[in-house]
Amino acid sequence: MKKFLALIFLFAIRFSLFAGNTNGDVIFMSGNVTDKTTHETLAGVQVHVIGTDINVYTDFDGNFFIPNLPRGSYQLEFSYITYKTTQVVNDPETSGCDYCSTLSVEIQQN
């Protein structure tokens, strides 16, 4: 039940953040982080938007959400203890979504 309520809350936040964004100048990024070998989701992975002070962490299901980014391409850095730091370039223009970008990222242990 808690997961269901959290999911509804997350969707409500997503839709309310972009209700006034009629010209498409703001995007959000979301995604999932898994272990490259076992494909298990990873909780607590730090997701840093390089060139900003934005840091978020994955939840218990390996999901992350970054709201209110100016439209553009971003380089994301994924850091987790005992794992190699991984960088991913994300270009929402190619995602097929006007206000969002969704990533699936696999990181590898050292």
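**Close-up views of a predicted protein chain**

View 1. From the N terminus on, the elements of the protein chain follow the order α-β-β-β-β-β-β-β. The model is predicted. The protein chain has 110 residues, of which 35% are buried. Its exposed surface comes to about 6800 Å², with carbon and sulfur atoms supplying 57% of that area.

**View 2. The open sheet of three strands.** The strand order in this sheet is E4-E1-E7, and the pairing is mixed. Strand E4 (63-70) and strand E7 (100-107) stand at the edges; each has a single partner strand, so one side of each is left without a neighbour in the sheet. On average, neighbouring strands of this sheet are turned by 20 degrees against each other, direction ignored.

**View 3. The parallel pairing of E1 and E7.** Strand E1 covers residues 26-35 and runs parallel to E7, to which it is joined by eight bridges. Within this view, Asn 32 is found opposite Ser 104 of E7.

**View 4. The hairpin of E5 and E6.** Strand E5 (residues 74-79) and strand E6 (residues 86-90) run antiparallel and are joined by five bridges. Gln 75 has Val 89 in E6 as its bridge partner. Six residues lie between the strands of the hairpin, where Thr 82 takes a positive phi near 70 degrees.

**View 5. The largest nonpolar core.** This core consists of 18 residues. Those with the most contacts inside the core are Val 33, Phe 64, Ile 66, Leu 76, Phe 78 and Ile 107. Two or more residues each are contributed by E1, strand E2 (46-49), E4, E5 and E7.

**View 6. The surroundings of Ile 107.** Ile 107 is among the residues with the most contacts inside the largest nonpolar core. With its neighbours within four places in sequence left aside, Ile 107 is in contact with Val 33, Thr 34, Asp 35 and Lys 36, and also with Leu 42 and Val 45. Further contacts of Ile 107 are with Phe 78, Tyr 80, Tyr 83, Lys 84 and Thr 86. Two of these partners, Val 33 and Phe 78, are likewise listed among the residues with the most contacts inside the core.

Conventions: Residues numbered from 1 in each chain as written. Predicted model: local features only at pLDDT ≥ 70, side-chain atom pairs only at ≥ 80, totals over all residues. Heavy atoms only, no water. Pairing = 2+ DSSP bridges. Helix = DSSP H or I, 4+ residues; strand = E, 2+ residues; numbered from the N terminus. Axes fitted to C-alpha atoms, helices over the stretch in contact; angles between N-to-C directions. Buried < 20%, exposed > 50% of the residue type's maximum accessible area, 1.4 Å probe, protein only. Areas by Shrake-Rupley, 256 points an atom, 1.4 Å probe, with all protein chains shown as cover. Core = buried A, V, L, I, M, F, W, Y, C linked by side-chain atoms within 4.5 Å. Contact = heavy atoms within 4.5 Å.
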